[in-house]
Amino acid sequence: MRIKNGLAVLAGAVALACSGGAIAQTSAGPNGTIFINIVDTTSGTSFLFDTGLLVSSFTGSTSYSVNLATNSASSAAYAAFVASETGSSDAIDYSVVGNYAPTSGVPLDLTLSTASTTPTTSAGTKGVAAAGQIQAFVATNINPAGGSTFFAASSTSQWNSGYEAGLESDLGSASDNALVGSSIGFYAVTATSNSSRGGATVSTFASSWDLSSAGVLTYGSGSPVPLPTPLLLMLSGLGLLGLVGRRKQSSDFNGTPT
């Protein structure tokens, strides 16, 4: 019986330990993830959040939803951003972008970006330049604390202070932002060469991004906000404890030796 109980505690401890490790993990744009940048162009503040979605594995069937106001990784910075707004007449827009640049092979660069119209770039040089805008922006805005969210009170680090204009130019002058409360399309620019004669293709994802005024960001079907991995691991640990305990009770009731 002690051995069984010991295994139950060990199983739960492993799951909870994994949960604690996941809670401590953070992510950053340079690792090839997709992030959203919200800009209050009136007050000169912005908010950055790393969704954790990998650019390299994002597909048209991907579904994502997060409430920035209540998510533990973003709520504090998002609250600071909302508090910085000067009034109901503020103009607030958002962009969703990401870049993946493997160290070798193809693609040379894979850039994902929202856009008001389908990007028209087809030159590899433009594709690589578009990727460079995102890489430079993320390098500037990495959270000093190492977290996945960032609140910027200064306009110098805003997406629309220069990086956005550069990306839009590289994407054929297609605006990459939309006002909060409206949806915007999502596109992939794959660069396979630095040649100005080609080496880049543009494809359209089936769904759109949407950011509500309440801070809910969705893509695809807008499914309910998924349980964070740490919570799932914690629940699995508790479930293992309950299952072993129930089997023990059943064994004792039937008179089975323990």
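Strands E3 (64-67) and E10 (residues 216-219) pair in the antiparallel sense over 4 bridges, where helices (H or I, at least four residues) and strands (E, at least two) are DSSP runs numbered from the N terminus, and two strands pair if DSSP finds at least two bridges between them. Within this pairing, asparagine 67 stands opposite valine 216 in E10. Both faces of E3 are covered, since Tyr64 and Val66 on one side and Ser65 and Asn67 on the other are all buried; buried means under 20% relative accessible area, exposed means over 50%, and partly exposed lies in between, as computed with a 1.4 Å probe on protein chains only. The structure is a predicted model, in which local features need pLDDT of at least 70 and side-chain atom pairs count only at pLDDT 80 or more, while totals for chains, interfaces and linings use all residues. Residues are numbered from 1 along each chain as its sequence is written, and side-chain values use heavy atoms, with hydrogens and water left out.

In the protein there are 5 helices and 10 strands, and of its 258 residues 40% count as buried. Among contacts between residues at least 6 apart in sequence, 69% join residues at least 24 apart, a contact being defined by heavy atoms within 4.5 Å.

Strand E1 (residues 33-40) has 8 of its 8 residues buried, so it is largely enclosed by the rest of the structure. From E1, Thr33, Phe35, Asn37 and Val39 point one way, whereas Ile34, Ile36, Ile38 and Asp40 point the other way. E1 is joined to E2 by 7 bridges in an antiparallel arrangement, with isoleucine 36 opposite phenylalanine 49 in E2. These two strands form a hairpin with 4 residues between them, and glycine 44 in the turn has a positive phi of about 75°. E1 also runs antiparallel to strand E4 (residues 92-100), to which 7 bridges join it, and the bridge partner of aspartate 40 in E4 is isoleucine 92.

The aromatic side chains were examined by pairing rings of Phe, Tyr and Trp (its six-membered ring) whose centres lie within 6.5 Å, with planes under 30 degrees apart counted as stacked, over 60 as edge-to-face and the rest as tilted. By this rule the count comes to 14 aromatic pairs. One of them, formed by phenylalanine 58 and tryptophan 209, is stacked, at 6.4 Å centre to centre and with 20° between the planes. Phenylalanine 58 lies in the loop between strand E2 (45-54) and strand E3 (64-67), and tryptophan 209 lies in strand E9 (residues 200-211), so the pair ties together parts that are 151 residues apart in sequence. Both phenylalanine 58 and tryptophan 209 are buried. The rings of tryptophan 209 and tyrosine 219 have their centres 5.0 Å apart and their planes at 45°, so this pair is tilted. It links tryptophan 209 in strand E9 with tyrosine 219 in strand E10, 10 residues apart, and both of these residues are buried. Ring pairs link Phe58, Tyr64, Phe186, Phe205, Trp209 and Tyr219 into a cluster.

The second largest pocket holds about 170 Å³ of space. On a 1 Å grid over the protein atoms alone, a pocket is an open set of points with protein on both sides within 12 Å along at least five of seven lines, and lining residues have an atom within 4 Å of a point. The lining of this pocket includes Ile38, Ile92, Val180 and Leu211, and its residues divide into 8 nonpolar, 2 polar and 2 charged. Valine 180 lies in the loop between strand E7 (178-179) and strand E8 (183-191) and, at 27% relative accessibility, counts as partly exposed. Valine 180 and isoleucine 38 are 142 residues apart in sequence and 8.4 Å apart in space, C-alpha to C-alpha. Leaving aside neighbours within four places in sequence, valine 180 is in contact with residues including Ile38, Ile92 and Leu211.

Helix H4 (residues 163-170) has 6 of its 8 residues buried, so it is largely enclosed by the rest of the structure. Among the buried residues of H4 are Tyr163, Gly166 and Leu167, and the helix is followed by glycine 172, whose phi is positive, near 80°. Serine 113, in strand E5 (residues 109-115), counts as buried at 4% relative accessibility. Its contacts, leaving aside neighbours within four places in sequence, include Leu167 and Phe186.

Terms used. 1 Å grid on protein atoms, 1.4 Å probe; cavity = no way out; pocket = protein on both sides within 12 Å on 5 of 7 lines; lining within 4 Å. Points joined across faces, edges and corners; volume = space filled by probe spheres on them. Nonpolar A, V, L, I, M, F, W, Y, C, P; charged D, E, K, R; others polar.
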